[in-house]
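Please examine the sequence and the structure shown below. The explanation after them is meant to be read with both in view.

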Amino acid sequence: MHSGWGIRFMDYDNDGWKDLLIAQGHDLDNDGRLDAVVTTNDGPVHVLHNETETANHWLILKLVGHRSNRDGIGADVRVVTAQAAQLATVSTASSYLSSSDKRVHFGLGTETAARSVEIRWPSGAVQRLAQVRGDQVLQVDEPVAGPPARGSAR
């Protein structure tokens, strides 16, 4: 499930700056432009389908853990473009009685690629990717080899 209810910071126009949405957020069609669903108790449902015309680009990362948990929950992801660095933690928590997309979304602004992506997995493994093309949903699998997980015995 990819829905959420409450307050959420998200890059609605993919310019690299977080926007504040107070509603129910959801990426409905996976086109990189975040959509929203707004509901009220016993009221109508409003779908805000994002059709913003923009030259901005985006990157969505779907993490798959192998030594860490399967969804990569708790992984810290740092994306660097020529303009700025952004940080996100993989989580499904977003607000009161809600869950959100476990994938992490980054607006790249006018950049067509991220210079680097660094993932710090819950297992302690650090994974680095260079020149990651934007405008895609990219699955990143945690490396199986690497340092032992924190607190584990050899």
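The following paragraphs treat a sheet of strands and then the salt bridges.

The model is a predicted one. Within it, three strands form an open sheet, arranged in the order E8-E5-E11 with mixed pairing. Strand E8 (104–109) and strand E11 (136–141) stand at the edges; each has a single partner strand, so one side of each is left without a neighbour in the sheet. On average, neighbouring strands of this sheet are turned by 25° against each other, direction ignored.

E5 and E8, by contrast, pair in the antiparallel sense over five bridges, and here isoleucine 60 has histidine 105 of E8 as its bridge partner.

Side chains of opposite charge can pair when their charged atoms come close. A search of the whole structure finds four salt bridges. One of them links aspartate 71 with lysine 102, with the closest N and O atoms 2.9 Å apart. Aspartate 71 lies in the loop between E5 and strand E6 (76–80), and lysine 102 lies in the loop between strand E7 (85–89) and E8, so the pair ties together parts that are 31 residues apart in sequence. Aspartate 71 is partly exposed, at a relative accessible area of 29%, and lysine 102 likewise counts as partly exposed, at 28% relative accessibility.

Another salt bridge joins arginine 103 and aspartate 101, whose closest N and O atoms are 2.7 Å apart. Here, both arginine 103 and aspartate 101 are buried.

A further salt bridge is formed by glutamate 118 and arginine 120, the closest N and O atoms being 3.2 Å apart. Arginine 120 is partly exposed, with a relative accessible area of 41%. Through salt bridges that share partners, Glu118, Arg120 and Arg128 are joined into one network.

Notes: Residues numbered from 1 in each chain as written. Predicted model: local features only at pLDDT ≥ 70, side-chain atom pairs only at ≥ 80, totals over all residues. Heavy atoms only, no water. Pairing = 2+ DSSP bridges. Helix = DSSP H or I, 4+ residues; strand = E, 2+ residues; numbered from the N terminus. Axes fitted to C-alpha atoms, helices over the stretch in contact; angles between N-to-C directions. Salt bridge = Lys/Arg side-chain N within 4 Å of Asp/Glu carboxyl O. Buried < 20%, exposed > 50% of the residue type's maximum accessible area, 1.4 Å probe, protein only.
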